[in-house]
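Hi everyone, thanks for coming.

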Amino acid sequence: MNASEILTACCKDSLLLSTFALRHETEQNGISEAVIRNRFDRMLTVMETSAAEARQNPVRSVSGLTGGDAFLYEQYRSASLLGETVSLAVACALSCSEINASMGKIVACPTAGSCGIVPAAVLAVSSSKGLDREKQINALLCAGLVGQIIGEHACLAGAQGGCQAECGSASAMAAAAVVELLGGSPEQSFDAAAIAIKNSLGLVCDPVAGLVEIPCIKRNVGGVVNALSAADLALAGIHSRIPFDDTVDALNRVGRQLPTSLRETAMGGLATTAAGIQLAEQIKQ
Ligand code: SF4
């Protein structure tokens with residue numbers, strides 16, 4: 001299943017991507033639509049909690065390396081350069097990622113390291129536009145469908161394809177979801193997802209001390225801002241000259257070309273900077 005086939009099916013039967021995703025899931029796994037929606041509803045609740053928790057109270061990571069930034073940013077937010085929607089998304093992305101680093105409960109979407117991007121985009125846009133829970137669940141179904149295509153044709157793990165496969169995929173999922181949330185077409189959702197992938201291509205996985213903290217937490221911020229700008233372009237009617245399926249193919253090839261040192265081994269990139277090495281030493285002691 002690729003985006004091109006899905007767009008043909010959506011066009012033929014005038015389907016939203018979320019409707020296609022729901023039908024596909026029921027056919028593949030023999031689960032009723034009600035059960036699937038209920039599962040997504042529970043995931044949405046976990047997302048809401050993790051997106052709020054570290055904004056309300058400072059949360060430290062288990063290693064002690066990171067934490068407190070979601071709280072700090074929330075205090076500053078009224079002065080933000082980014083406006084209400086984007087600054088809320090930034091705060092939510094920080095919160096989910098800090099909850100993950102503190103071993104709290106998050107929804108891996110598609111992975112724990114990139115867990116802040118989809119919730120931040122969906123929750124911030126829904127909050128600023130006053131959108132209801134049903135629409136948010138549809139947006140998550142749409143995000144899941146995009147993630148499924150990337151997983152089938154490329155990969156979703158930093159160890160396999162670098163951070164482009166984690167934060168890049170999450171950004172594409174979020175971009176498509178926001179387009180659906182705001183009434184865009186399936187074609188616009190895939191345009192947004194393609195733009196988000198194009199802007200993430202080549203992003204390496206280089207976690208300091210091998211922990212999903214530095215640079216992961218802030219990459220979730222970059223991922224959600226990328227997603228929102230990609231969704232905005234698509235909603236304005238701007239197309240991606242490279243179709244989504246081709247961007248996934250590029251992501252797959254670039255991932256395979258990345259050296260092992262830049263695929264979650266902490267043997268390159270930021271992990272081997274002077275500061276990165278010093279932080280890793282600090283934890284050992
Ligand atoms: S840097 Fe690596 S571990 Fe961190 S979020 Fe990106 S892919 Fe995941």
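Before we start, one term: a helix here is a DSSP run of H or I with at least four residues, and helices are numbered from the N terminus. Please also keep in mind that what you see is a predicted model.

Let's begin at the ligand. Which element gives the largest share of the shell around the ligand? That is helix 9, with three residues. The shell has 14 residues in total, and the closest are Gly-113, Gly-158, Cys-163, Cys-205 and Cys-216. Helix 9 and helix 11, which spans 216–235, are the elements that give two or more residues to this shell.

Now to the core. The largest nonpolar core holds 96 residues, and those touching the most other members include Ala-121, Val-224 and the run Ala-174, Ala-175, Ala-176 and Ala-177. Helix 9, residues 163–181, turns up again here: its 13 residues are the largest share of this core. In soluble globular proteins, nonpolar side chains tend to be buried together.

Let's zoom in on Ala-176. Beyond its neighbours within four places in sequence, Ala-176 contacts Leu-17, Cys-142, Ala-143 and Val-146, and also Ser-189, Phe-190, Ala-192 and Ala-193.

Last stop: Ala-250, in helix 12, residues 244–257. Why does Ala-250 count as partly exposed? Because 17 other C-beta atoms lie within 10 Å, and a buried residue needs 20 or more while an exposed one has 12 or fewer. Ala-250 and Ala-79 are 171 residues apart in sequence, and their C-alpha atoms are 39 Å apart in space.

Conventions. Residues numbered from 1 in each chain as written. Predicted model: local features only at pLDDT ≥ 70, side-chain atom pairs only at ≥ 80, totals over all residues. Core = buried A, V, L, I, M, F, W, Y, C linked by C-beta atoms within 7 Å. Contact = placed C-beta atoms within 7 Å. Near = placed C-beta within 6 Å.
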